Amino acid sequence: MSQEPVIEVRGLKKRFRREMIKSDYTTWKSLLLKPFSRRRARDYVTVLNGVDFAVGAGRTLAIIGQNGSGKSTLLKILAGIYKPDEGEVQVRGRVASLIELGAGFHPEFTGRENIFLNGTILGLSKKEIGQRLEHIIAFSGLGEYIDAPVRTYSSGMYVRLGFSVAVNVDPDVLLVDEVLAVGDEAFAHKCEDKINQFRASGKTICLVTHDMGAVEKYANEVVWLDGGQVAAAGEARQVIDAYRQKVAVEEDAIRREETRLEKAERLQAQRWGDGDVVIEDVRLLDGAGAEKAVFNHGEALTVELDYRLARPTEDLVFGVALVNAGQVVCWGSNTHIDRAELGPAPPAGTVRCRLDRLDLLQGTYFLDVAAHAKDGRAYDYLKRALSFAVRSSLGDEGVFRPPHEWGLSGRGEG
Amino acid sequence: MAGTRQRNIFARFFAELLRHQALVAALTGRELKGRYRGSVLGFLWTFLNPLLLLSVYALVFSVYFRVQMENYAVFMFTGLLPWIFFSSSLMEGAGAVSDGGSLVTKVLFPQQVLPAVKVMANFVNYLLSLPILFGFMLLNGVPITVHALAFLPVALVHIVFVFGLTLILATANVFMRDTRHILGNVLTLWFFLTPILYPLTQVPGQYRFLVYLNPAAVFSLAYHDLFFWGRWPRWDLLGLLLAAGLVMLLVAIVIFEHYKEYFAEKI
């Protein structure tokens, strides 16, 4: 199966007119007033800027990327709905696109009538639809609802019917845009089966999705689009990892910005104590000492807090706790419990608590910090002082992942 | 070279329509059946609407205005039905692509199907209202003559003309949404400039040439002739209109084909 590729894209460029301001619309009026105004380069947004890739017969390609990276535009070009501005695009064979499910459905028509309508739109003849009708209805699982007007359908039923027609077109190339995650669980399994069936029968699939689980499950190859260009392409595992890393970095920046905005408020929100010691700032740092809000599982983490003594204080204890979204304290300790030898505290200073390994599982967590006396009397207690996220590519369940290993040995009989 | 390319455009345009005739039929059915689906009287409205319209016009012009013309209501009705076909095709056709929604932006099929469907649906509606016209004629003692056979060629010329104009309007409305609003007002003016509610003899002699310059008028006169007056229509004028209509259709196809690749992006 190593002849010419089924999908071939070379030097593809696509740009759109920028239409953000009302005056950018062409109207008869604007046409009369300035009929010869030339479009300037900055009136365009380049959505795809030199994209190359090829997909061989029977392969499954996933296109990933953040919102606005050009994925859907690319898929529409593959489907022939948009024309490329530059470059070449070739798709060999009958194409079915699951870009829009239930195109042309009339709400007043029954499901059965709409199967014929939608099927015709997707390029099936009446005879072909007739032959597949039973199959389509069975696959949709709509039962007696098939003869009810589509307007009475739930959104899930609507999409199920649309999907059932689309996958029965029997294409050589299937273009899928973010539709696998529809319907209830039973239907999701059916879709999964159908996709696997497509793969097994040597069809070429090109899917756009944000669901990395689906990408890992289906894709032989992945193209990662970033800002209209191919940021990485190739074997699924590697591209996904690179993509995740990039997303984590950006997510971190956003979260930090949010944290910065919320911090001032937060420092007041859930706070109590007599004020003999004031915690002025709290930071989360990574192993390299950079401030961060998204950590990878297993990474080093340092909690830093700046304090000031309002009054000279004896037996001062600093504490930190990590709390998960379910309000469970995952870990909490203080300088007293840990018998930390810090020496006398200067009137103003910074306390650090370094965790060599963050063994928490993926999720959102909160940080509590406190300065209190040995007898528990609070000087300054900050609940939920910061929030942070932990990312993990492992599938563990629970709260944390202790270092562990598995073994297996036989038991002697008798 | 250029000549063959131009021909290829036209050939492709019609070949695509022909290849998708099942789709045209299905969407026309959707248009016709969908319009009244869910209403109590359903498809009956297709017949009821022209009947009620007839009653309104008959009341205004025969009873209130007391127009002095024998069987005026029949006269008016023979002109009104083709006008409805004409104006509805243009109004709905102008929005055919721009209101096409996901059919334009998310599915791939030749876009000329959409305006063609609007013209088709309105023509079928026109055909379905003819039995009411015939019944009304018989009721009033207006005979249906052999000249009614001229309906077929006249309607054909009419369709050519309407389809060409619809294609241009549908294209224009994608890029300039004002088109349809302007069209609505133009059609009102056009309606009264066309001898539908009045016979040609009411137009002062020195202005008659203006009527002949109005394509809608030529159609209206033709339908009056073949249904109401029981005579053959002016074939010479219709021949000219056919030629003009074909030229317009070809120009329309060039325009439509040139702009259609931008449709999905502009909607």
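**Notebook: helix pairs, sheets and the chain contact**

I began with two helices of chain A, H3(A) and H4(A), and I note them as oblique to each other. The model is a predicted one. The axes of H3(A), residues 111-121, and H4(A), residues 126-140, cross at roughly 130° and come within 10 Å. An angle over 145 degrees would count as roughly antiparallel and one from 65 to 115 as roughly perpendicular, so the label oblique applies to what is left between these ranges. I looked up the hand of the H3(A) and H4(A) crossing as well, and it is right-handed.

Next I listed the side of H3(A) that meets H4(A): Arg112(A), Ile115(A), Phe116(A), Gly119(A) and Thr120(A). From H4(A), the residues that meet them are Lys126(A), Ile129(A), Gly130(A), Leu133(A), Ile136(A) and Ile137(A). By class, the residues of this contact are six nonpolar, three polar and two charged.

I then went to chain B for another helix pair. H3(B), residues 45-64, packs against H4(B), residues 72-94, at an angle of about 135°, and their axes are 10 Å apart. Which residues of H3(B) meet H4(B)? I found Pro50(B), Leu53(B), Leu54(B), Tyr57(B), Ala58(B), Phe61(B) and Ser62(B). On the H4(B) side I wrote down Tyr72(B), Ala73(B), Met76(B), Phe77(B), Leu80(B), Leu81(B) and Ile84(B). The contact of H3(B) with H4(B) has 13 nonpolar residues, one polar and no charged.

**Sheets of chain A**

I traced an open sheet of six strands in the order S5-S6-S7-S3-S8-S9 of chain A, and its pairing is mixed.

The bridge partner of Leu61(A) in S8(A) is Glu221(A). I also noted helix H2(A), residues 71-79, which lies across S3, S5, S6, S7 and S8 of chain A and runs at about 150° to S6(A).

I followed a three-stranded open sheet too, in the order S11-S13-S16 of chain A, with antiparallel pairing. S11(A), 277-286, and S16(A), 348-355, are its edge strands with a single partner each, so each has one side without a neighbour in the sheet. The twist averages 20° from one strand to the next. S11(A) is joined to S13(A), residues 301-309, by nine bridges, and Leu285(A) stands opposite Thr302(A) in S13(A).

S1(A) pairs antiparallel with S4(A), residues 86-91, over five bridges, where Glu8(A) has Gln90(A) as its bridge partner. S1(A) also pairs antiparallel with S2(A), residues 44-55, over nine bridges, where Lys13(A) has Asn49(A) as its bridge partner.

**Chain B against chain A**

How many residues are in contact between the chains? I have 27 residues of chain B against 29 residues of chain A. The area buried between them is about 2400 Å², and carbon and sulfur atoms give 62% of it. On the chain B side, Arg30(B), Arg37(B) and Lys106(B) lose the most area to chain A, together 25% of what that side buries.

Key
Residues are numbered from 1 along each chain as its sequence is written. Chains are lettered from A and ligands numbered from 1 in the order in which they are written. This is a predicted model: local features need pLDDT of at least 70, side-chain atom pairs count only at pLDDT 80 or more; totals for chains, interfaces and linings use all residues. Side-chain values use heavy atoms; hydrogens and water are left out. Two strands pair if DSSP finds at least two bridges between them. Helices (H or I, at least four residues) and strands (E, at least two) are DSSP runs, numbered from the N terminus. Axes are lines fitted to C-alpha atoms, for helices over the stretch in contact, and angles run from 0 to 180 degrees between N-to-C directions. Contact means heavy atoms within 4.5 Å. Ala, Val, Leu, Ile, Met, Phe, Trp, Tyr, Cys and Pro count as nonpolar, Asp, Glu, Lys and Arg as charged, and the others, Gly among them, as polar. Buried area is the accessible area (1.4 Å probe) that two parts lose on being put together, summed over both. Angles under 35 degrees count as roughly parallel, over 145 as roughly antiparallel, 65 to 115 as roughly perpendicular and the rest as oblique. A crossing is left-handed if the near helix is turned anticlockwise from the far one by less than a right angle, and right-handed if clockwise.
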